[in-house]
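Colleague: I would like to learn how to read the disulfides in a model like this one. Please take me through them.

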Amino acid sequence: PGPHNLTCVSNKHPSVRGELGDAGEAAAGAVRCPPGQCCIGIWNRSHALVQGCWGGEGDACPSATCAPSPAGTPGGSVLLCLCHGHLCNGNATGTATATGTGTAVG
């Protein structure tokens, strides 16, 4: 079944192109996910690229915390986590990455 009434951190770095779905009605920085979805976080070594809801199967997000694993090309700098805890995608645990908060780009 997957998680219900889960709230995830919602963020898109200015360097990321394209739309991320309709998070415009949500409170700044957080989005309520549809039932069965979990949180996703994608980072490079210096900041968060994308944070929000992910529509995969509920059992694809077994962890309640964000423990990033490498994504993309081998040896690349992109990290990805999927988790089902409240706002769990706000922080990457076990890495030296920051979530990008406090860095105004514009």
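Colleague: How many disulfides does the structure hold?

Modeller: This is a predicted model, and it holds 5 disulfides. Counting bonded cysteines along the chain, the pattern is 1-4, 2-5, 3-6, 7-8, 9-10.

Colleague: How far apart are the sulfur atoms of Cys8 and Cys39?

Modeller: A pair counts as a disulfide when the cysteine sulfur atoms are within 2.5 Å. For Cys8 and Cys39 the separation is 1.9 Å. Cys8 belongs to strand E1 (residues 7–9) and Cys39 to strand E4 (residues 38–43), so the link ties together parts 31 residues apart in sequence.

Colleague: Why is the disulfide of Cys8 and Cys39 called left-handed?

Modeller: Because the torsion about its S-S bond is about -90°. The link of Cys33 and Cys53 is also left-handed, with -90° about the S-S bond.

Colleague: Which parts does the pair of Cys33 and Cys53 tie together?

Modeller: Cys33 sits in the loop between strand E3 (30–32) and E4, and Cys53 in strand E5 (residues 48–54); these parts are 20 residues apart in sequence.

Colleague: Is Cys33 buried or exposed?

Modeller: Buried means under 20% relative accessible area. Cys33 has 5%, so it counts as buried. Cys53, at 26%, is partly exposed. Both Cys8 and Cys39 are buried.

Definitions and conventions
Residues are numbered from 1 along each chain as its sequence is written. This is a predicted model: local features need pLDDT of at least 70, side-chain atom pairs count only at pLDDT 80 or more; totals for chains, interfaces and linings use all residues. Side-chain values use heavy atoms; hydrogens and water are left out. Helices (H or I, at least four residues) and strands (E, at least two) are DSSP runs, numbered from the N terminus. Buried means under 20% relative accessible area, exposed over 50%, partly exposed in between (1.4 Å probe, protein chains only).
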